[in-house]
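Q: Please take a close look at the pocket space of this model. I would like volumes, linings and the setting around them.

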Amino acid sequence: MLTYNSVTIPSFMYGTAWKKQATTGLVLQAVEAGFTAIDTANQLVHYDEARVGEALLELAKQGITRDKLFLQTKFTPVNGQDHRLPYDAHASITTQVQQSFESSLAHLHTDYLDSYVLHGPYSRRGLGADDWEVWAAIESLYDVGKTKMIGVSNVSADQLTLLCAKAKHKPMVVQNRCYAAFGWDKDVREICRTHGIIYQGFSLLTANSGIFAEPDLRALATKYQAGLAQLVFRFSQQIGMLPLTGTTNPQHMKEDLQCERFTLTPDELAVIETIGQ
């Protein structure tokens, strides 16, 4: 468990991207397996936030109330949406954020979020006027207590450096796709470590399938009698990352959460940190 702004954050998170109609059932299975942190987004291209909300209603009936869960969702700019927008595309960015946020609260049947994340900057490099406007709108939600944490996803090291230097509130969470070939996003992780930002890594398995044949990785899996997925997730936790898994297999959900039953040595962490490069 992590604590940030008096918020308790589980050390593993269940991601709901690409689940579509299966979202509700999978969230229920994930919580049954032991997950208490759920990640989603108000973006129908890749997520179904309302179906996450349906699962939350069912969980409440089972006695697993809102306060027992960590909920994180995202504001997705127009360039990351299809025609099914959760806001008025002709409104100002500030209004779009407000409309999307209220829509998320309605979908999730809650009056606050634990974490609200910008799905990605508008700019490919640097930060432009739109980026600063969207971040200011997200900061305002934090200022009035509607979300306990704010963050950004799909962000580069240069963009994160700018945000930390010039924003009223620097990000508290960063969520990036994490590639072994690029040092597990080392540059961004270093900035997060310096500024006390929680780094969330996604696609840890799907983005790195090529490393699973590595003899060093297989030898460690044998040593700890662990699956390769467990090994990657435990490695990520030990280097200061909060991993996401999106598995649809109930057994794998349980196995993923069991990764904390062993601890890798500093030398073993160093081996995995440079694997595939």
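A: What follows starts with the chain, goes through the pockets, and ends with some other local sites.

The model is predicted: local features need pLDDT of at least 70, side-chain atom pairs count only at pLDDT 80 or more, and totals for chains, interfaces and linings use all residues. Residues are numbered from 1 along each chain as its sequence is written, and side-chain values use heavy atoms, with hydrogens and water left out.

The protein chain has 10 helices and 10 strands (DSSP runs numbered from the N terminus; helices are H or I, at least four residues, and strands are E, at least two). Its C-alpha trace spans about 55 × 45 × 35 Å along the principal axes. Of the 277 residues, 52% count as buried (under 20% relative accessible area, with exposed over 50% and partly exposed in between; 1.4 Å probe, protein chains only).

Now the largest pocket. On a 1 Å grid over the protein atoms alone, a pocket is an open set of points with protein on both sides within 12 Å along at least five of seven lines; a cavity is a set where a 1.4 Å probe fits but cannot get out; lining residues have an atom within 4 Å of a point. The volume of the largest pocket is about 1,000 Å³ (the space filled by probe spheres set on the points, which are joined across faces, edges and corners). Its lining has 46 residues, and Tyr47, Asn154, Arg177, Phe202 and Ser203 lie nearest the centre. At least two lining residues come from each of α5 (157–166), β8 (173–177), α6 (186–195), α8 (228–238), β10 (241–245) and α9 (250–257). By class, the lining has 15 nonpolar, 22 polar and nine charged residues (Ala, Val, Leu, Ile, Met, Phe, Trp, Tyr, Cys and Pro are nonpolar; Asp, Glu, Lys and Arg are charged; the others, Gly among them, are polar).

The second largest pocket holds about 170 Å³. It is lined by 13 residues, with Leu2, Ser11, Gln237, Gly240 and Met241 nearest its centre. Two or more of the lining residues come from each of β9 (198–202), α8 and β10. The most come from α8, with three. Seven of the lining residues are nonpolar, four polar and two charged.

The structure has one cavity of 30 Å³ or more, and the largest cavity has a volume of about 50 Å³. Among its lining residues are Leu118, Asp131, Trp135 and Gln159. Both α4 (129–143) and α5 give two or more residues to this lining. It has seven nonpolar, one polar and one charged residues.

Last, two other sites. Aspartate 48 sits in the loop between β4 (37–39) and α2. It counts as buried because its relative accessible area is 11%. Leaving aside neighbours within four places in sequence, it contacts Lys20 and Thr23. In the helix pair, residues of α2 including Glu49 and Leu56 meet residues of α3 including Ser103 and Leu108. This contact has four nonpolar, four polar and one charged residues.

How values were computed
Contact = heavy atoms within 4.5 Å.
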